[in-house]
Amino acid sequence: MVDYSEGADSSRRSRPRYRSKDEIEARRRARNAARSESDWRAYARDICYRQLSAMDRSTFQLREAMVRRDVPELIIEDTVAAFVEADLVDDERFALTFVRLRAESRPCSRRSLLKDLRERGIAGDLAQRAVESIDENFELESARNLAQKKMRSLAGVDRHVARRRLYGALARRGFAPNIVVQVLNEVASAESDADGASPSF
């Protein structure tokens, strides 16, 4: 049964009209063209504040967020400089915090940490110092923790197959070969002690 009531008709009229990609792009360009320099600067600051309200960010990440929203390059650089001067963003602080939190949250290698930092615009000496700030035994302990978790999922799997899979899991996380070998030997030794047999893992 068709509803001819005034409310039903109004509801149908209020539905948002589908817009094509070209229409959306045209609206975006028109909106950008209408912004004055002061509008752009206020918009850029708002982007950065919203980014930082969610979590700590690097200057690279703030720049990328503004680039995605078409902020002019000069205003991007001025805004980042102002946030750095106000100590609202600091790449060294970001790198140290990021490394510490990532190391605490999941097993990972120093190499994977360096890769994660590079993806966030932190590289060179700054990234190296951040990674070296964590405990020197961190990488070995991370590899051990990952191996323990992985072995639980490999229960009942042939030991030679399990060894290959464990090796692959550790290697994909970027652990150094000597650490991978040490952890595999520790796992083999633990398996041997558990069943009283000679190590076959």
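I take helices (H or I, at least four residues) to be DSSP runs, numbered from the N terminus. I take axes to be lines fitted to C-alpha atoms, for helices over the stretch in contact, with angles from 0 to 180 degrees between N-to-C directions.

**Entry 1: the model**

I note that this is a predicted model, in which local features need pLDDT of at least 70 and side-chain atom pairs count only at pLDDT 80 or more, while totals for chains, interfaces and linings use all residues. Residues are numbered from 1 along each chain as its sequence is written, and side-chain values use heavy atoms, with hydrogens and water left out.

**Entry 2: confidence**

I looked up pLDDT, the predictor's confidence in each residue, from 0 to 100. The protein chain has a mean pLDDT of 84, and 86% of its residues reach 70 or more. Over residues 1-6 the pLDDT is below 50. Where pLDDT is low, the predicted coordinates should not be read in detail.

**Entry 3: two helices**

I found that the axes of helix α4 (residues 59-68) and helix α5 (residues 73-85) come within 10 Å and cross at roughly 145°. For contact (heavy atoms within 4.5 Å), I listed T59, R63, M66 and V67 in α4, which meet I76, E77, T79, V80 and V84 in α5. These residues divide into five nonpolar, two polar and two charged; Ala, Val, Leu, Ile, Met, Phe, Trp, Tyr, Cys and Pro count as nonpolar, Asp, Glu, Lys and Arg as charged, and the others, Gly among them, as polar.

**Entry 4: pockets**

I searched for pockets on a 1 Å grid over the protein atoms alone: a pocket is an open set of points where a 1.4 Å probe fits, with protein on both sides within 12 Å along at least five of seven lines, and lining residues have an atom within 4 Å of a point. A volume is the space filled by probe spheres set on the points, which are joined across faces, edges and corners.

The largest pocket holds about 210 Å³. Its lining includes M55, D56 and R120, and helix α6 (residues 91-105) gives the largest share, five residues. The second largest pocket has a volume of about 150 Å³. I recorded R144, M151 and E186 among its lining residues; α9 (138-153) and α11 (177-195) each give two or more residues.
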